[in-house]
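These are my notebook entries on one structure, written down in the order in which I looked things up. I give each term its cut-offs where I use it for the first time.

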Amino acid sequence: MMNKILKITTISLLLFSNIYAYEKGDTISDAIASHIQVTQDKLYIIDFFASWCGSCKKEIPLISLANQKIDTTKVEIIGIDVDKKVAQGIKFQNKLKKDNHLNFRVINDPQNLVIADFAPIGMPTLYYIKNKKIVKIITGAVDNIDKVILQDIKEMR
Amino acid sequence: MKIVPLVALLTTLFFSGCIKDVKPWEKEILAKKTMKESGINPINKQFEEHIYFSKEASKGGGGVAGGGCGCN
Amino acid sequence: MQLKISLAVATLLSTMALNAEDYVTVQYLQYNENKDRTDVSAPSIMINKDFGTDYTLNASLVVDVVSGASQNYYDESYDGTSSASSDTSSGASAFARGLEIKASDVEYGNTQYDDKRVAGSLLLTKRFENRDELTVGVSRSNESDFYSTEASAEYMHWLDSSKNQSVAFGVSYQVNQILKYCNSVGVDGCSGASQAMDATAFNAQVSFSQNIDSSSNAKIALFFSNDDGYLDNPYLNVVRNYKADSSADVVGENRPDSKIAYGLTLKYANALSDTLTLHLGYRYYSDDWGIDSHTLDTDILYEFDDDWIFKVGLRGYIQTEADFFSGYKDYFTDEVYASSDQRLSGFNALTYKSSIDYKINDEVNINFGANYYTQSTGLDALYFVSGFTYGF
């Protein structure tokens, strides 16, 4: 509990050091990198979503489809659920898992600290992160996102 | 006719002072079905609009699509 | 035609596009007026389906079965030799017209009718890379005496990157054909045959929407319409040249062949709390027939237990009368335009609304609504809506 409070406080303080949205080429802060666990030498794909976001609901099954085909030692997909009511977010995630539509790790961000730091201009938004550097951003619903992700991974090798 | 530009101006002035830049992740409430302009069920809102159209002399203001009816 | 509450298939462009989701909804409307007037039963179905992230298709179909009576001037001595339907209780017919009939034979009362109307529409929305939307639609409506075809298009453009502001511009064009039955030979230039009359309607609307904060939004719209062609109701009569206890002419009404209208709407929605939402709406309307109206609409929605939504609402309406309207049978003599259609009179109206929506599970909702509409003209109506929605 104490660790959680410390983490939230640290991230909150560090937020003041970043008043702009992350753009391609930016490096994310160490605090955020540690919080969402993107510290290893692999490509991370961060998906910001919420239970109330219609486009997110449609995209998650396709992202999970892509996740089945990637080498998870080299690429990891992480979901960030920004539902303010954690129970609502978890219920949503569980339903997706039950339907085999969600197979990647999800971090709950009910205080919206992580998303406020990234500050995407729409939802859903995917951030590709390598060595804490943002290498690509995909904002909004995209057709065949599973194929787009797999193609991107191939090109980024 | 003068009422139209006056109401439009007042509305603009009113809302311009109160408007916040809502971030994409703050739109949960705005996305709720109870916030929909057409109501929870779009067909029912249109049933209502056509009842009014067939019993009153006014029309318009609810979008351009709707289809014709022999209601005049 | 005029006596019926024909209900067109409806899809609201703005709603369908911005809240795209897959569902089918089946609804049933039962509408009943007082004084044995109009009754309508209208089952309908609507399907909304996304194709990928960039396309949404909305299709709907409604069937109105209309029966009842409506008030009209008629010649009580009409011998019913035409093929028009007649009210066996009063002997009146919607076609009971005549020239220089006895003034004492001029009556105002119920005239019967029955009809069925089938209407369908399709709307297709395309979303662009910047998430602007273009929606195009077609609709078609068929009744025994009225045919309508409409095409519409609306473009919505986001004004800011956070998608809190948008502007939309829409137009529609409607081509209508009305069958004017002429059963009173020699009256109104009738030859005994029905005549197909044409009319068109052009509508345009521009609107601006704004999210005010995370729990409220507002919209302002300006609209314009231009109707041209045959705008009369072929079933409605007026009394001309009325001379008390002497003679009168009962002939078809005559409205101008053009109507230009414009107006403004304001809408506001505010989630007052987690469970309570308020909707406010105002419309101002004005046309060159002399009709001005104001409409104020309020709905309050209450969410209970995550599965129930209760709604109550009140709508107030007031309109002035058309320049060529008169409800008095001894009014029209030399006037070119003349109508006694109560719909064009000056009156006010209130609607008391209520509905319940229940979520059975994540896919299925059922709903029921009861509403009461009352006009200062003496018209009252109760209408009920029930149905279910399946999300997939």
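This is a predicted model: local features need pLDDT of at least 70, side-chain atom pairs count only at pLDDT 80 or more; totals for chains, interfaces and linings use all residues.

**Entry 1: chain B**

I began with the secondary structure of chain B, which comes to two helices and zero strands; helices (H or I, at least four residues) and strands (E, at least two) are DSSP runs, numbered from the N terminus. Residues are numbered from 1 along each chain as its sequence is written, and chains are lettered from A and ligands numbered from 1 in the order in which they are written.

I then looked up burial, for which a residue is buried if 20 or more other C-beta atoms lie within 10 Å of its own, exposed if 12 or fewer, and partly exposed in between, with C-beta atoms placed from the backbone. Of the 72 residues of chain B, 57% count as buried.

Helix 2 of chain B covers residues 42–55, and its 14 residues reach 20 Å from the first C-alpha to the last, close to the 20 Å expected at 1.5 Å a residue; the expected span is 1.5 Å times one less than the number of residues. How many of the 14 residues of helix 2 of chain B are buried? I found that 12 of them are, so I call this helix mostly covered, and the buried ones include Ile43(B), Phe47(B), Ile51(B) and Phe53(B).

**Entry 2: the core of chain A**

Of its 39 residues, Ile45(A), Ile46(A) and Ala50(A) touch the most other members. The elements of chain A that each supply at least two residues include strand 1 (43–49), helix 3 (54–67), strand 2 (75–81) and helix 4 (86–98), and strand 1 of chain A gives the most, with six residues.

Not counting residues up to four places away in sequence, Ile45(A) touches Val75(A), Ile77(A), Leu126(A), Tyr128(A) and Ile149(A).

**Entry 3: helix 4 of chain A**

Helix 4 of chain A has 13 residues and reaches 18 Å from its first C-alpha to its last, close to the 18 Å expected. Which of its residues are buried? I list Gly89(A), Phe92(A), Gln93(A) and Leu96(A). An α-helix has 3.6 residues a turn, so residues three or four places apart point the same way. On the other side of helix 4 of chain A I found Ala87(A), Asn94(A) and Lys98(A) exposed, whereas what covers the buried residues includes helix 3, strand 2 and strand 3 (105–108) of chain A. Asn100(A) follows this helix, and its phi is positive, near 60°.

**Entry 4: loops of chain A**

Asn112(A) lies in the loop between strand 3 and helix 5 of chain A; its phi is positive, about 55°, although it is not a glycine. I counted it as partly exposed, because it has 17 C-beta neighbours inside 10 Å. In the loop between helix 5 and strand 4 of chain A sits Pro124(A), which a cis peptide bond joins to Met123(A), with omega about 0°.

**Entry 5: chain C**

Nine residues of chain A are in contact with nine residues of chain C.

I checked confidence through pLDDT, the predictor's confidence in each residue, from 0 to 100. Chain C averages 88, and 88% of the residues score at least 70, but over residues 1–19 of chain C the pLDDT is below 50.

Tyr173(C) is in strand 8 (residues 165–180) of chain C and is partly exposed, with 15 other C-beta atoms within 10 Å. Beyond residues up to four places away in sequence, Tyr173(C) touches Glu150(C), Ala151(C), Thr200(C) and Phe202(C).

Last, I looked up Asp305(C), in the loop between strand 15 (292–304) and strand 16 (308–319) of chain C. Asp305(C) counts as exposed, because it has 8 C-beta neighbours inside 10 Å.

Technical notes:
A nonpolar core is a set of buried Ala, Val, Leu, Ile, Met, Phe, Trp, Tyr and Cys residues joined through C-beta atoms within 7 Å. Two residues are in contact if their C-beta atoms, placed from the backbone, lie within 7 Å.
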